[in-house]
Structures are given as structure tokens and as C-alpha cells.
Amino acid sequence: MAAEQNPAGPATPPNQPEGNPLPGVKHIIAVSSGKGGVGKSTVTVNLAVALKQQGYAVGLMDADIYGPNIPMMIGVTKEPGKEGEKILPAEGQGVKVISMGFFVPEDTPVVWRGPMVHSAIQQFFRDVVWGELDYLLIDLPPGTGDVPLTLSQLVPLTGAITVTTPQEVALQDVRKGMTMFKKVNVPLLGVIENMSYFVCGHCHERTEIFSTGGGERAAQKFEIPFLGRIPIDPAIREGGDKGTPIVSNDPSSPQAQAFLQIAKSLTANIDNAEKGNGDAAPSLSSLLKKITDPLKKS
């Protein structure tokens, strides 16, 4: 697909796309992680389904070109189709889905350099019929590579969410990722702490396996919302493996309720920001203002 396209032209200024290729999408949210292995894709899938259950029209773009796991995790029931020269997204759990996983054989690695990845992401925006959506979630590859920069050049992002686990080794990478988004002027919408704690199914004792409170401390450091904690639980992992996210498979469970509450917090924060009140995510210009004029109250 993207391999036949020419590399994109000169980069536009950060967060200033030449035109919005998705005029029917109200909010575009990138979901990131500073490092792999923190459950970012699991969080993205369940958050997308949680938003759908709350009555929103939702799409999910798998921008992890090298590890496209979203189709399996969300349980796609309708494969992508064609509408003229355009691609109709697949569907799973009522969520529209597009992923490189639909276009390459399962066991074939995607061995591409940056310009090829840029071209593929561009096609996911311009050549897919997303239609009218309230939220389009973008599952980013871990780390601070080409894809976040590409997104900031192609579409007006509402903002970025960062997923982390509580331990310090994960938080060091998270801080780098959040700093990257600031540099390309993408608002930070909040931090989600995944694998936050484990509750024994027999004695119901709560254990913080990977330390505690790290995600909340990172949010405080960057003055952005802490959206919530997700426990580590076999049922969440099993849902991803079977294509039955826990939010849809067992919506009344405490694990699913954690995702649903995070979705409510996220939408409330975005609504407040649009109305000009509440704790809106800080922009780069406001942060620079604090540095250049620290004694002046904002």
C-alpha cells in the first residue's frame, strides 16, 4: 500500500498542517508511551470501546506500523472494504479500525525507513473514509520516533495521552515523550497509569507490584490531568488475546469501570477546555510564558 507512494514533501511547521484531511472528525487523540511493554495498545482499545459505550462515534487508527496488533485485540468482525479509490475502515466492537495489519501477511515484518512510514500514516488519513466521528484515537508506536512528528504535521491533534506503569524506569521515558509533544506544540491531555496494582482473587489483598503513584507524580510535574489507574489483571490480558476487550466483555467489572471512568474524565476535560474553563492542558506558549515571565500570574 504505502510502499507505492512517494515520500512526503517538506515538513510543515509543527502542529500547523496544510489542511485538515479529516473535517468530519471532531477530536483526534494520540495515545503514546515512552517505552514498550506498558500495555498502551490494551489501554487504547479499551478506551475506544469505553467511548463507544458512552454514545460517541469512535475510530481507531493503528499507527504502530511495525507491530500492528489492534485488529486482533479489538476483535474485528468486518474487514476493510473499498469505495472507489478509497478504503472503508474495518469494524470491531462498533469502532471503525484501520491498521497495517490488514495489508501485510501476519508473519511478514514491515521493514521501512521513516519516509515510508510517513507515507503510510498519510494514507491512513487521506485515503480512508472515516466519516463523521466524535473521537479518533491513534495508537502510536512506543518511544519518540517519526510517527508523532508526522502526526503533528498532518492533522490538528486535540492532544496526546501518555500511558505508563508506576516504576521509575518507565517514568523516565514518559517524561521524554511528554517533552517531545511539547516541542511540537501538541497539548498533553493526561496520564494513565496502567498495571497500577494487583488485587488477589482469593484474599482480595491489594499489592502494588510495580511501585505506586509514579503516573500521578509525572502528571503533577507537567501540570496535566491524571486520568486514572488501571489494575493488572489476567482478565484484561485475556480480553486482548481473544479480541474481546474487557470493557465490552464484562462492563460491570471493576477493571472495566476503571476504563469507563478514565473515558469520562477525558471527555470532561476536553469539553471544559473547549468551553475555556477547567483544567485545560497547557500549551507550549503558556509554558514558555511561565519561563520568560515567571513572576506574572497567568
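# Exercises on a predicted chain

The chain has 10 helices and 12 strands, where helices (H or I, at least four residues) and strands (E, at least two) are DSSP runs numbered from the N terminus. This is a predicted model, in which local features need pLDDT of at least 70 and side-chain atom pairs count only at pLDDT 80 or more, while totals for chains, interfaces and linings use all residues. Residues are numbered from 1 along each chain as its sequence is written, and side-chain values use heavy atoms, with hydrogens and water left out.

## Exercise 1: confidence

Task: find over which residues pLDDT stays under 50, and which elements have the lowest and the highest mean pLDDT.

Solution. Begin with the chain average, which is a pLDDT of 81, with 82% of the residues scoring at least 70; pLDDT is the predictor's confidence in each residue, from 0 to 100. Next, turn to the stretches under 50: one covers residues 1–16, for which the model has 31 contacts beyond four places in sequence, and another covers residues 278–298, with 19 such contacts, a contact meaning heavy atoms within 4.5 Å.

## Exercise 2: two helices

Task: compare the reach of helix H1 with its expected span, do likewise for helix H9, and decide why H1 is described as largely enclosed.

Solution. The expected span of a helix is 1.5 Å times one less than its number of residues. Helix H1 (residues 40–53) has 14 residues and reaches 20 Å from its first C-alpha to its last, close to the expected 20 Å. Helix H9 (residues 254–275), with 22 residues, reaches 31 Å, close to the expected 32 Å. For the burial step, buried means under 20% relative accessible area, exposed over 50%, and partly exposed in between (1.4 Å probe, protein chains only). In H1, 11 of the 14 residues are buried, so this helix is largely enclosed by the rest of the structure; among them are Lys40, Ser41, Val43 and Leu51. The buried residues of H9 include Gln255, Phe259, Leu266 and Ile270.

## Exercise 3: enclosed and open space

Task: describe the lining of the largest cavity, and then that of the second largest pocket.

Solution. Rolling a probe the size of a water molecule over the atoms shows where empty space is left. On a 1 Å grid over the protein atoms alone, a cavity is a set of points where a 1.4 Å probe fits but cannot get out, and a pocket is an open set with protein on both sides within 12 Å along at least five of seven lines; lining residues have an atom within 4 Å of a point.

The structure holds 1 cavity of 30 Å³ or more, and about 30 Å³ of space lies in the largest cavity, grid points being joined across faces, edges and corners, and a volume being the space filled by probe spheres set on the points. Ser32, Ser33, Gly34, Gly143, Thr162, Val174, Gly177 and Met178 line the largest cavity, and helix H5 (residues 168–183) gives the most to this lining, with 3 residues.

About 240 Å³ of space lies in the second largest pocket. Of the 14 residues that line this pocket, the closest to its centre are Gly39, Thr42, Met195, Ile236 and Arg237. The largest share of the lining, 4 residues, comes from H7.
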